[in-house]
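I opened this model to look up its cores and pockets. My notes follow.

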Amino acid sequence: MTAATGLTELLLSRIRDVADYPEPGVVFKDITPLLADPAAFTALTDALAEAARDTGATKVVGLEARGFILGAPVALRAGLGFVPVRKAGKLPGATLAQAYDLEYGSAEIEVHAEDLSAGDRVLVVDDVLATGGTAEASLTLIRRAGAEVAGLAVLMELGFLGGRARLEPALASAPLKALLTV
């Protein structure tokens, strides 16, 4: 068994499927069992920190809310700064905002204007890549702040939702690393 196979098996064994959540017909991928297991959480953090080092990132952006849980320890492990990207209205002080469309409506995310600047290479970290709307908005926000996108790293990509194809133009050849694809 290779190290990658062992990591994949470990992570998959700690992700629970919850049927009909948050609505009928949806199978929610619950990562809380993974987070509760120190060995699995450490292995996940190490793999994402390696992705940060591989991209030459200088900062990690975590997307609200589970991206905070994953991104902060990744930044710490990789020796990088951590910057939260929040839902609109959650950050005090001067912010940059980016609106984007969802399947049923729209949303807006924000970052503190002074937390990213020219010279920063930013790796975006999140738990799941689904349709790619929030990730795409975060890439735009990072560039508007004057920083460079180093890449996107996620625990899990829901391949059937097409997020990767949507993000390819926004990534502009920066890598997309998904530890799992389901």
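**Pockets and cores**

I began with the second largest pocket: its lining divides into 10 nonpolar, three polar and three charged residues. I count Ala, Val, Leu, Ile, Met, Phe, Trp, Tyr, Cys and Pro as nonpolar, Asp, Glu, Lys and Arg as charged, and the others, Gly among them, as polar. This is a predicted model, in which local features need pLDDT of at least 70 and side-chain atom pairs count only at pLDDT 80 or more, while totals for chains, interfaces and linings use all residues. Residues are numbered from 1 along each chain as its sequence is written, and side-chain values use heavy atoms, with hydrogens and water left out.

I noted the volume of the second largest pocket as about 200 Å³. Of its 16 lining residues, Ala47, Glu50, Ala51, Lys177 and Leu179 are the closest to the centre. Two or more lining residues come from each of α1, α3, β8 and β9. The most, five residues, come from α3. For terms: a pocket is an open set of points on a 1 Å grid over the protein atoms alone, where a 1.4 Å probe fits, with protein on both sides within 12 Å along at least five of seven lines; lining residues have an atom within 4 Å of a point. Volume is the space filled by probe spheres set on the points. Helices (H or I, at least four residues) and strands (E, at least two) are DSSP runs numbered from the N terminus.

Next I took the largest pocket, at about 1,300 Å³. It has 39 lining residues, with Arg66, Glu103, Val128, Ala130 and Thr131 nearest its centre. β7 gives the largest share, four residues.

Then I turned to the largest nonpolar core. Its 29 residues have Leu11, Leu44, Leu48, Leu155 and Met156 among them as those with the most contacts inside it. Such a core joins buried Ala, Val, Leu, Ile, Met, Phe, Trp, Tyr and Cys residues through side-chain atoms within 4.5 Å. Here α3 (38–55) supplies the largest share, seven residues.

Beyond four places in sequence, Leu155 touches residues including Leu11, Leu44, Asp126 and Leu180. Contact means heavy atoms within 4.5 Å.

Last, I looked at Gly67, in helix α4. Is glycine 67 buried or exposed? Glycine 67 counts as buried because its relative accessibility is 0%. Buried is under 20% relative accessible area, exposed over 50%, partly exposed in between (1.4 Å probe, protein chains only). Outside four places in sequence, Gly67 contacts Gly62, Ala72, Phe82, Val125 and Asp126.
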